[in-house]
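The tour below moves from one selection to the next and says what is to be found at each stop.

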Amino acid sequence: MTKVPLTTRGEGQLREELKRLKAERPHLSAAIGVAREHGDLRENAEYHAARERQSYIEGRLAELEDVISRADVIDTSKLTGDVVCFGAIVLVVDE
């Protein structure tokens with residue numbers, strides 16, 4: 001299992017997306033229920049769109065949870081010196 005390097009800001013953004021997608025789950029479930037009531041599921045575009053969105057959300061949630069569990073958070077405020085590494089800010093001068 002390999003570590004995934006992330007900055008503290010990047011980890012925060014992933015956690016926020018995870019929280020937002022988890023909050024969307026109940027609304028999507030309700031939308032699928034409403035679309036199901038409209039009748040024939042083979043020709044119900046609203047139902048298929050809701051199922052497609054649900055599939056995307058479940059896949060993205062699994063991906064986010066995997067990345068966060070393997071995160072190697074790098075605090076960029078503690079980086080010093082002349083070595084370029086992940087999270088370092090580099091100034092390039094055109095001579």
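Begin by selecting Tyr47, Ala50, Ile57, Arg60, Leu61, Leu64, Val67 and Ile68, which are the buried residues of helix 2; buried here means under 20% relative accessible area, exposed means over 50%, and partly exposed lies in between, with a 1.4 Å probe and protein chains only. These buried residues pack against strand 1 (4-7), helix 1 (8-36) and strand 2, where contact means heavy atoms within 4.5 Å. Helices (H or I, at least four residues) and strands (E, at least two) are DSSP runs, numbered from the N terminus.

This is a predicted model, in which local features need pLDDT of at least 70 and side-chain atom pairs count only at pLDDT 80 or more, while totals for chains, interfaces and linings use all residues. Residues are numbered from 1 along each chain as its sequence is written, and side-chain values use heavy atoms, with hydrogens and water left out.

Now select the whole of helix 2, residues 45-69, which has 25 residues and reaches 36 Å from its first C-alpha to its last, close to the 36 Å expected at 1.5 Å a residue; the expected span is 1.5 Å times one less than the number of residues.

**The start of helix 2**

Move to Asn44, which is found in the loop between helix 1 and helix 2 and which counts as buried at 9% relative accessibility. At the start of helix 2, a side-chain oxygen of Asn44 comes to within 3.2 Å of the backbone nitrogen of Glu46. Such a polar contact is a pair of N or O atoms within 3.5 Å; within protein, one must be able to donate a hydrogen and the other to accept it, and residues adjacent in sequence count only if both atoms are side-chain atoms. If neighbours within four places in sequence are left aside, Asn44 is in contact with Ala35 and His38.

Next, centre the view on Arg60 in helix 2, a residue that is buried, with a relative accessible area of 19%. Which residues does Arg60 contact, leaving aside its neighbours within four places in sequence? They are Leu14, Glu17 and Leu21.

**Salt bridges elsewhere**

A search of the whole structure finds seven salt bridges. Select Glu24 and Arg53, whose salt bridge has its closest N and O atoms 3.0 Å apart. Glu24 lies in helix 1 and Arg53 in helix 2, so this pair ties together parts that are 29 residues apart in sequence. Glu24 is partly exposed, with a relative accessible area of 22%, and Arg53 is also partly exposed, with a value of 31%.

Then select Glu58 and Arg25, which form a salt bridge with the closest N and O atoms 2.9 Å apart. Here Glu58 lies in helix 2 and Arg25 in helix 1, so the pair ties together parts that are 33 residues apart in sequence. Glu58 is partly exposed at 32% relative accessible area, and Arg25 counts as partly exposed at 36%.

A further stop is the salt bridge in which the side chains of Asp66 and Arg70 meet, at 3.1 Å from N to O. Asp66 is partly exposed, with a relative accessible area of 35%, whereas Arg70 is buried, with a relative accessible area of 16%.

**Along helix 1**

Gly12 and Ile68 are 56 residues apart in sequence, and their C-alpha atoms are 9.8 Å apart in space.

**The last stop**

Finally, select Val84, Val90 and Val92, which make a nonpolar surface patch of about 310 Å². Patches are made of residues with over 30% relative accessible area and no salt bridge, with like charges joined within 9 Å and nonpolar side chains (Val, Leu, Ile, Met, Phe, Trp, Tyr) within 5 Å; accessible areas come from the Shrake-Rupley method with a 1.4 Å probe, and for residues only the protein chains shown count as cover. Val92 is found in the segment after strand 2 (71-74) and counts as exposed, at 71% relative accessibility.

Terms used. Salt bridge = Lys/Arg side-chain N within 4 Å of Asp/Glu carboxyl O.
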